[in-house]
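Work through the exercises below with the sequence and the coordinates open. Each task is followed by a solution in steps.

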Amino acid sequence: MDIKNLTIEEKLRLLIGFNRWQTNDANGKVPSLFLSDGPNGLRMMNVDTGETFKATVMPNISHLANTWDEDLAFLDGETIANECIEYGADVLLAPGVNIKRTPLCGRNFEYFSEDPYLSGVMAKSYIDGVQSKGIGTSLKHFCANNREYDRRYVSSEVDERTMREIYLPAFEKALEAKPWTVMNSYNQLNGVWLAENKKLLKDVLRDEFGFDGLVVSDWSASHSAWRSIKNGTDLLMPYREKDYVELKDAYDKGLLADEDIERAINRLFELINRCKTSDKKVVSYTKEERHNSALKIAKEGIVLLKNEDNILPLNAKNILVGGYHDAIGGGGSAQAITEYQSKSVYELVAEKLPNSNVSTCNGLLATRKLHEVYDLKDAVKQAVKNDVVVLSVSSYNETESLDRENAYLMREQEETILAVAKYNPNVVVVVNAGSYIDMSRWIDKVKAVVWAGFAGEASKEAVASVLTGETCPSGKLTETFPLAIEDTPTGYDIGDMFTNRYTEGIYVGYRWYEKYDIPVAFPFGHGLSYANFEYSNLKIEKIGETDYNVYVDVKNLSNIDAKEVVELYVKDVFSSVSRPEKELKGFKKVSLKAGETKTVKMSLNYRSFAFYSTMLDKWHIENGEFEILVGASSQDIRVKGVIDIELDEKEQYTLW
Ligand code: GLC
């Protein structure tokens with residue numbers, strides 16, 4: 001591939017797509033690349049027919065996040081990469097790391113968390129997994145694209161410190177995996193389109209964060225082809241002839257220089273080299289093994305939210321199981337399509353509990369989507385005859401391009417829960433959703449709630465395994481479940497026309513609720529188990545000026561093997577700037593046999609303690625005490641210690 005052999009038209013056409021998914025081949029002079037979605041499994045289309053190929057539908061990213069397991073993030077990426085190799089995709093357009101600023105964002109199912117640290121760590125492992133197979137990734141959507149409403153035009157108005165502490169760190173951390181591409185987002189940031197935002201695309205992403213790959217636009221996100229190329233986007237997708245015409249016109253007028261064109265082409269050539277010369281593109285998992293990866297992740301991402309009277313795992317004589325359990329993922333570009341035929345939760349529970357009398361009834365299948373006239377009376381009649389009722393419900397409105405208008409289940413499903421619970425006190429609700437559901441209308445009427453998330457094609461098997469105790473639940477929430485949308489930083493506000501002002505600043509997610517003492521339904525990091533754990537023996541070892549190792553012993557007090565997510569938070573005891581009550585700065589998932597104790601080690605560094613000073617234009621630590629908090633959730637701290645950081649006086653400013 002030699003730029004000198006290319007005509008100006010061939011050069012300019014290399015900067016725009018060839019069609020919806022492929023790059024141009026300059027009349028056969030360079031290989032064309034195939035870019036394909038998506039984060040929840042390969043969603044690859046036949047470029048001639050538009051038909052989507054069938055693939056393994058993995059748990060959605062939000063469900064993967066709820067595993068808090070970096071190894072599973074790697075496995076997830078590696079598994080999807082296997083199908084990319086099989087179908088001929090060169091770059092997987094994933095993962096998305098946008099922060100869950102509002103639970104109503106339609107694409108939250110595609111994102112990891114409200115917390116930038118967890119998002120970055122998990123995304124880094126996911127990228128490592130995909131690229132370990134010689135398939136590229138696209139870290140997206142860069143940046144501050146935190147809702148779907150008006151996403152193609154809105155300007156996210158965000159102050160510098162909030163950008164640095166909340167909306168950039170997940171990208172910064174994930175870039176450690178060296179993703180081969182970054183995708184910029186549709187929106188503007190403080191009035192400048194991300195597709196032509198030189199400060200973000202060059203000064204921050206490349207000069208500061210060290211990104212050396214290719215920047216691809218989100219699909220049709222460029223509003224000015226030549227300004228996008230000049231200011232840091234290297235490839236405009238998908239193909240639009242108007243982009244070529246505009247590039248040629250700008251080139252002829254001297255608005256676009258040869259160096260701008262060649263810079264972008266060289267990055268494309270580098271990407272082509274990475275994609276086409278990798279010897280790692282070997283399919284290593286059979287279809288069944290890919291399904292098993294999906295199942296493993298699905299099981300570990302399930303969150304047991306409530307388990308009154310230890311009604312779970314199921315051990316009753318007569319059990320009624322049913323409801324709507326087919327929502328395995330959200331809609332839009334991330335929606336992969338499976339051909340896997342799963343048994344129902346009812347059938348799977350019956351198989352696993354041969355000594356129980358397990359039955360089902362259509363009356364529980366309440367969903368407007370199916371336009372079925374569901375027989376609520378029959379459901380209630382059946383419920384009365386059983387000791388326990390397991391009822392699956394699903395969110396119905398989580399998709400790209402739309403935000404949710406509220407966080408409730410569809411009314412028919414709430415009515416079914418309430419009707420059944422009125423006649424049977426032992427109801428277990430299984431919720432399939434990609435983001436927070438407001439359960440306030442019914443949760444007090446049921447004994448248990450299993451958050452099945454959007455767990456992909458293996459969802460039903462995973463849920464049945466947890467319900468029957470074959471799997472001990474170990475997932476934890478990576479977004480706060482508030483008591484109501486009104487309690488969130490943005491409420492139902494959709495911004496003031498073309499701008500979305502991030503007035504809550506750094507107080508996003510648990511940072512918000514803790515800052516203002518707002519009670520929540522379930523806190524960030526919450527997740528119950530069938531086992532109990534004891535935390536003890538916290539040790540904080542100083543290994544550098546601002547580097548520490550943190551050790552804690554965790555004991556499984558129960559008689560079953562289990563896994564526990566250990567969460568590490570840091571609190572600046574006294575600071576001259578406003579800071580969150582605490583911030584997640586470490587986590588580790590540990591497997592513990594019955595009765596076993598393990599010592600869990602986590603590490604802290606400069607960024608664990610620093611805030612971003614817009615006066616100094618850098619991360620800064622003020623001397624003083626910091627609390628080290630270790631626990632089972634953000635509101636279940638089990639052990640804590642205090643350290644005192646004393647940096648050289650030259651590093652400090654006069655405080656008081
Ligand atoms: C979409 C999405 C992006 C996706 C791309 C290709 O609009 O924003 O995440 O990868 O277009 O489908």
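A polar contact is a pair of N or O atoms within 3.5 Å; within protein, one must be able to donate a hydrogen and the other to accept it, and residues adjacent in sequence count only if both atoms are side-chain atoms. The model is predicted, so local features need pLDDT of at least 70 and side-chain atom pairs count only at pLDDT 80 or more, while totals for chains, interfaces and linings use all residues. Residues are numbered from 1 along each chain as its sequence is written, and side-chain values use heavy atoms, with hydrogens and water left out.

**Exercise 1.** Describe the surroundings of the ligand.

Step 1. The shell has 14 residues, and the closest are D37, K140, H141, Y186 and D218.

Step 2. Sort the shell by class: Ala, Val, Leu, Ile, Met, Phe, Trp, Tyr, Cys and Pro are nonpolar, Asp, Glu, Lys and Arg are charged, and the others, Gly among them, are polar.

Step 3. R107 places a polar side-chain atom 2.9 Å from one oxygen atom. For K140 the distance is 2.9 Å, and for an N or O atom in the side chain of D218 it is 2.7 Å.

**Exercise 2.** Characterise the packing of α3 with α4.

Step 1. Locate the helices, which are DSSP runs of H or I with at least four residues, numbered from the N terminus (strands: E, at least two). Helix α3 spans residues 70–87 and helix α4 spans residues 116–131.

Step 2. The axes come within 6 Å and cross at roughly 35°.

Step 3. Find the contact residues (heavy atoms within 4.5 Å). Those of α3 include F74 and I80, and those of α4 include M122 and Y126. By class, the contact has 8 nonpolar, 3 polar and 4 charged residues.

**Exercise 3.** Find backbone exceptions.

Step 1. Recall that most residues other than glycine have a negative phi, and most peptide bonds are trans.

Step 2. Check omega. The bond joining D37 and G38 is cis, at about 5°, and the bond from L312 to P313 is also cis, near 0°.

Step 3. Check phi. A26 has a positive value near 50° and sits in the loop between α1 (8–14) and β1.

Technical notes. Near = heavy atom within 4 Å. Axes fitted to C-alpha atoms, helices over the stretch in contact; angles between N-to-C directions.
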